[in-house]
Amino acid sequence: MLSRIVSPILLFVLLDIASPLFGQDYWAVPVAGRTRFQEGGQVAATPLRAPTAVVRDRTGNLYIADRYDARILRVSPTGVVTTYAGTGFSGFTGDGGPANMARIGAQVTGMAIDRDGTLYFADTDNYRVRKITPAGVISTVIGTGRPQFNANFIEGGPATASVITPWSVALDGQGNLYVSDASIWISLAVGSGVELGLRFSVRKIDLRGNVTTVAGGGPPEFRGDGGPAKDARVGDVEGLAVDAAGNLYLSDAGNFRVRKVSVDGVITTIAGNGQGAYSSDNTFATGTGLTPAGLAVDANGDVYVADEAASRIRRIDARTGLIATVAGSATFGFQGDGGLPTNARLARPSDVFLTAPGEFLIADTLNGRVRRVARATIDTVAGAGDGAGGLAAEAFLNQPTMAIADPQGGVLIADRRNHSLRRVSPTGQIARYAGDGYPGFWDGTSSLALFQSPMAMVSDQSGAIYVADTENHRIRKIANGVVTTIAGTGVSGFSGDGGAATGARLSYPTGVATDALFNIYIADWGNSRVRRIAPNGVITTVAGNGRWQFVADGMQATVAQVDPFAVAVSRTGEMFIADRDNHRIRRVDLSGVISTAAGSSPGFSGDGGAAAAARLFSPSGVAFDSDGNLFIADYDNFRVRRIDTRGTITTIAGNGLPRTVDEGGPALQVGIDPFSVSVDSRGNLFIAEPFNDRVRRIYPRTVSAAAAASAVQLAGTTGQAISDPLVVRIVDTTGAPMQGVRVRFAVTSGAARLDPAEAVTDASGLARSTVLLGDTPGEVVVTATVAGIAPVTFRITVTAARPGPRIDPGGVVGAGLTRPPVRALTPKGLMTIFGQNFFAGTAIRQVTEADYENGRVPARFAGVCVQVGEVRAPILVVTATQITFQSPRVPPGTTAVPVRVITACGTADEQRSAPETVEVRSAAPEFFYFLQRSDGTNPVAAANAVTGRYVGLPGMISGVEFAPAQPGDVLTVYLTGVGQTNPDFEPGEAGDRAARATGAVRVWIGQTELAAEDVLYTGITPFSPGLYQLNLRVPAGTGDGDHRLLISVDGAQSPPPAVLIVRR
């Protein structure tokens, strides 16, 4: 498995490759919103979206499941909040690894924690219950990731093979886990056809990992009190609790009851009369109305229930059977901190957790807070307000999905999870425009109207605003401060074509548009149709047949299949549809025929070419500007793209990453997650970003002029940098400095090198380039150019000088040449120096065994030495601008060391470069790569240990034979920076046998950490000084893909660009 054949790999990976540069003509600036969650921040300043479950461990740490945020947060006793599980992106990954690197679903609907601190949670969207150990490792306890209830559920069988849709969880004193299940049930019985429905039950997972049913198991109904629980029927069970004696309590929300399963398996009702509306307190619990959610039971057997619809926490007295409110009041909302709990206002609390006798925590869901009742007082322990009034830049948005400009110069925002529309004034102040922040439905004045997850808006020529009120299944109109319904009944479904839109049924409308004739277009997403309301109020279908999967084009749009998430109408009357899950933009022409304007399969490609040949990934928004250009919110590509009137597609915003780092700047350099896009009359684009909780404006900027901001007549000596950089200032048509403009500096006469050759202007509109003069005396002329304006010219008079070596700033890097580079020396690791005047000519000098001195790589090679501190380093490769060397030994405890290049080393003509200080670490692993791709993923330099073939895609590098890795393959992957080995070899010594790394090694392929038996060897590559290799076996379950390859040595991790190409 140990290989000596490494020279071709070194030739691939030791020499740098330049990446292309692109133009920039759009600028991004923030409009509203800021980061909700700051890792390590104070919980009092951290807004929550919709906390649904809360627990506390024995040391006082609080755990909060925050719906829609795809995270579980941990709050320390001092109020510091961190991510305990999830990444903020919903999905399923990471089992067996760190929970804070795993993906979880957007809905975590129940949690429980045992005495040892192991946290169990219902990962509802992933159809699993998962657990997190005190060490932070996540795994699945029950569930397969599929929703169907079928033959895969085996009574008494293993939980991990059981299909489940979990909602709530609880633990008993012995560590048995209880889970409420609301699974889809499919019957394929012979003679009965296909039957589909829901089956509600409560399951028990015992200490051996086997699962049994303890209650329910049939369709939702109320049945079975007084008999065996497993023969009874239950509804949607939203809460579970177990008392000290082992009795199980259920929040049977579907039946508006709290029920008890005794230790002998008999089920009874202890609260609720089957009606959801609150009726009374201080009466027998079985006679009152309630809508139970989370449950808790104290040492006395008293049961605490979160009564969602009544917005109360209520207690059922175990001795008397009476029920009473212990927190909340008759009024829904937020109020009362610092006062009596029964005077406070709550908003649909989902969970309650007991912390001490008579003291408890509340997941106050629609208030976005966790509240605490202690010593007869209620207060907030987590969550903050949304900044409804004040500066828009300081406000918290909750997954905004649309923003449009209003005629007064303000911006309206559909703040989806705040269930309201908000307005940013021209002065940057934010206020509620319509809706009060809570979900509901009410027509009337905008201040009193209620919305439920409004997702899209558009305005017509009169200034009226139309809103896609998505979860109310309606289209609403706002005019003169009054909200009315113009389409939809509030019931999800499809009906009403040919009649009044107010009597028609819609299903989750996600987009709305208007045309010049006052027609209103609806992306009726849940119905897989686009519908149109004529000015007379009659609704019809204009695209879609009710099925979403793409089949074909070239037919009438009303018989085509579409997944319409947004819609826009061109100035010529053609309709364009964001066909989201078909990854297309569809065009409906004036004759009603549908075609594809852009997109095909999911992906990102095609910029600069015809839009019809490009690839999109879940486009979710479309909008036209006044010139007829179409803008696309290419959501899962994290970009905004433009199709011009010639049909050419380009990216105008987004760097392909969703997380925002810079609030504003050149639009192509900013991380965005554009859910929607709109355009105002001046060409400003507004994008709403639900993941980043922001609204941004993107606008085109026009360069007007360039002028020198430094001297244009300079002087210098050959081989030296001139003392001051060349500086150019760029301004726009108003004379204001323009940031983010690319300025190209070029030597038009004479010999010189520019660093950089292309610079981007800063906030002052300045771009700089340093000139390193060549070896020829005379005049050097440098021009600075920006397309479309006159260039700036600089002239430098050059006199002769003897050139010496020069290391580029930051030019000592790991030999893997990762971008950004690894700037750290490790014991016997390979390093590369970039600079000038290291060697005369253009040749590449590479050490061979004939150059060895006393059996070792020489410390003086081609007349060059590299001095690290006070020690000369072994040198492997020398060119005029690049040196590869092996780190020598440095004194113990050294944390940084100066590095110098010496030319004419050992002679009277020695010249030394200025020192470049480099950090010293015990390990800084870095893979070598066959190439560095433009998308930032780099195939690692690896070979199949059996066949000897290099690992990669055929044709990846011309003339080299590649084959992808397959599960079960044993691979040799080349790297450096692994650190000390046993046995130890001296720097420059070509070890003739295996020597393993002494540090603790862990390896991941994708999110999967390799088992110890699959990490076969990590250590030196014999006969190749400084080169290390990792021998691994690809796990059998590895799927196709370019998987991130990560190695950790004593906690030091390799950089992220490394990928391993696997194809079955």
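What is the strand order of the open sheet of 4 strands? The order is E43-E44-E45-E46, with antiparallel pairing. This is a predicted model: local features need pLDDT of at least 70, side-chain atom pairs count only at pLDDT 80 or more, and totals for chains, interfaces and linings use all residues. Residues are numbered from 1 along each chain as its sequence is written, and side-chain values use heavy atoms, without hydrogens and water.

**View 1. The open sheet E43-E44-E45-E46.** Strands are DSSP runs of E, at least two residues, numbered from the N terminus; two pair if DSSP finds at least two bridges between them. Strand E43 (564–569) and strand E46 (594–599) are the edges, each pairing on one side only. Strand E45 (residues 584–588) runs antiparallel to E46, joined by 5 bridges. Valine 588 faces isoleucine 594 in E46.

**View 2. The salt bridge of aspartate 69 and arginine 49.** A salt bridge puts a side-chain nitrogen of Lys or Arg within 4 Å of a carboxyl oxygen of Asp or Glu. Here the N to O distance is 2.9 Å. Aspartate 69 is buried at 9% relative accessibility, and arginine 49 is buried at 7% (buried: under 20% relative accessible area; exposed: over 50%; partly exposed: in between; 1.4 Å probe, protein chains only). A salt-bridge network links Arg49, Asp69, Arg71 and Asp693.

**View 3. The salt bridge of arginine 130 and aspartate 95.** The closest N and O atoms are 2.8 Å apart. Arginine 130 sits in strand E9 (residues 128–132), and aspartate 95 in the loop between strand E6 (80–86) and strand E7 (108–113). Arginine 130 is buried at 0% relative accessibility; aspartate 95 is partly exposed at 29%.
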